[in-house]
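Hi there,

Here is the structure I said I would pass on to you. Have a look at it first, and then read my notes below.

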Amino acid sequence: MAPPPANNHLNVVEILSDDEEIAAPEPSSKTPALPQSSTVNSVDPEFSKQKLDCRSFWKAGSYEIGPSSFVPAHGELEHARVHPKFLHSNATSHKWAFGAIAELLDNAVDEIHNGATFVKVDKIVNVKDHSPALLFQDDGGGMDPEGIRKCMSLGYSSKKSNTTIGQYGNGFKTSTMRLGADVIVLSRSTHSGRATQSVGLLSYTFLRLTGQDDVIVPMVDFDISNHWAEPIIYSSKDDWTANLNNILEWSPFATKEDLMMQFEDIGPHGTKVIVYNLWLNDEGIYELSFDDDDEDIKLRDEASRVSGLKVNKRTLDLQSHISYRLRYSLRAYSSVLYLRKFKNFKILLRGKPVEQFNIADELQYKQVVTYKPQLAASSKEVLVKTTIGFIKEAPDLNVSGFNVYHKNRLIRPFWKVSRDGSSVGNGVVGVLEANFIEPAHDKQDFERSSLFIRLESRMKQMVYDYWKNHCHFVGFQRRDIPPAGPPAKIKKLSHADDQLVGLPATGVQERSTPNRPLVGLSAGSRRNYQEDTSAEQSIVELSTHRPNLIDLRCIWKGFKLELS
């Protein structure tokens, strides 16, 4: 079979739009073709700037799509294609940039079973334009040529273990494209006695400025089994060279020597991911701030919002709490990102290890509550343990909620389940691992299933029960507890049904302690009652929680209003 003309066909990997498995790369004349106009030597002068007109992430997908230039070759079947615009719209699943960073950390953590001992997150400089870039590097097993092609494809996941975090095969693409317009991946591995190193370029800038109507990824592979880098040729030397030239043109590395130097600190196995052309905010400033703290990466808009708040002691205390800092500090967020502490693995953020933190370790008056979710009959029974208690700053700091993990990974931090405006639950924090419900694709929330709804209800009950029995230990009063059960209703009663207004009927009993008057009842309506451990509240307090209720003291035409 004669090789195709030089610089006309490239050995590229096509992004798939489903879960179709990818076979190991073999020589083929049917690799997707890159138009002549997109090779290095024929870039239109108007594209030579190599920067997108719009560098704001939320606006970068707003452009017109021209007619497709794709024409199937003779005998080639028509197939679904993925337009570059999909890379952007797919990445919008990450509303929060730290959620995208967490996906890349997950990939490194999943490599622990392949021997990974660290993941490095740092700022580096793009030598071509001196702009900041984001580096993720681990010493895991790395990826061979087939593995890196699976990584670069949509919807493919080889992670089938119950302990690995990734499962949808989409995290790498959505996370990298959420952080920057372009990413280059370099990986080394040894499989079946063959040592290889591979380079792949997923560049939204390249695809946009060369007018592509399909997502293609230039890639090159090397066999390093004999201690030098021997190109692995699949179709022709010209195709391999064309791929390399495009990588050098559109990546931060201008020469092959510069590119090869990137493998020197990877070692015999591992992966390096470099995200560059980072996105800007609406003000034209980088979303990620590297200058505020040499040992941290911060979300600029969130950090600015914090610094703009009115400063008093209460505000300062709140801003210093982990529940607040994780919103804008990557060091704070990554410290709580994984439930169990690593034994032989570290997250190195800008050269300094992240100290893992579990807020359950410092809760006051903590207890463990067990919960058995009602799973399908065929499912194995699950027992969920929740550690619940008061934060050490209670009652001075109004922080509450549950840190809910899935497979060791934090999905919802400080999930507040108590009612807004109620003091019940203030300072109460819980920690649990809910592996029986599925996280959403961005791993920042859970799918709204019936299991999820029942878990939320159970957590509300946990807060109520814990508060009822422990609130007085930190200075709260039990009278702040609202009545449990359904919302208040208006009920018609006869005089014979005369009961205490504001207490459930089951709570009307004799009380051994001295009587005290109930606000809102006439003297003739006072009765002896015993303290109800499920609810105790005066009518004035009850009205505070339900301000739209009619004055409960009102008696009209022989009718009495009662909360039931």
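Helices here are DSSP runs of H or I with at least four residues, and strands are runs of E with at least two, both numbered from the N terminus. Counted that way, the protein has 13 helices and 19 strands. Please keep in mind that this is a predicted model.

Some overall figures to start with. The protein has 564 residues, and 51% of them count as buried. Its accessible surface is about 27600 Å², with 51% of that belonging to carbon and sulfur atoms. Among contacts with a separation of 6 or more, 70% are between residues 24 or more positions apart.

Ser251 sits in the loop between helix 6 (237-250) and helix 7 (256-261). Is Ser251 buried or exposed? Ser251 counts as buried because its relative accessible area is 2%, and the cut-off is under 20%. Its side chain reaches the backbone oxygen of Ile247 at 2.7 Å. Beyond four places away in sequence, Ser251 touches Lys128, Ile184, Leu201 and Tyr276.

Enjoy exploring!

Key: Residues are numbered from 1 along each chain as its sequence is written. This is a predicted model: local features need pLDDT of at least 70, side-chain atom pairs count only at pLDDT 80 or more; totals for chains, interfaces and linings use all residues. Side-chain values use heavy atoms; hydrogens and water are left out. Buried means under 20% relative accessible area, exposed over 50%, partly exposed in between (1.4 Å probe, protein chains only). Contact means heavy atoms within 4.5 Å. Accessible areas come from the Shrake-Rupley method with a 1.4 Å probe; for residues, only the protein chains shown count as cover. A polar contact is a pair of N or O atoms within 3.5 Å; within protein, one must be able to donate a hydrogen and the other to accept it, and residues adjacent in sequence count only if both atoms are side-chain atoms.
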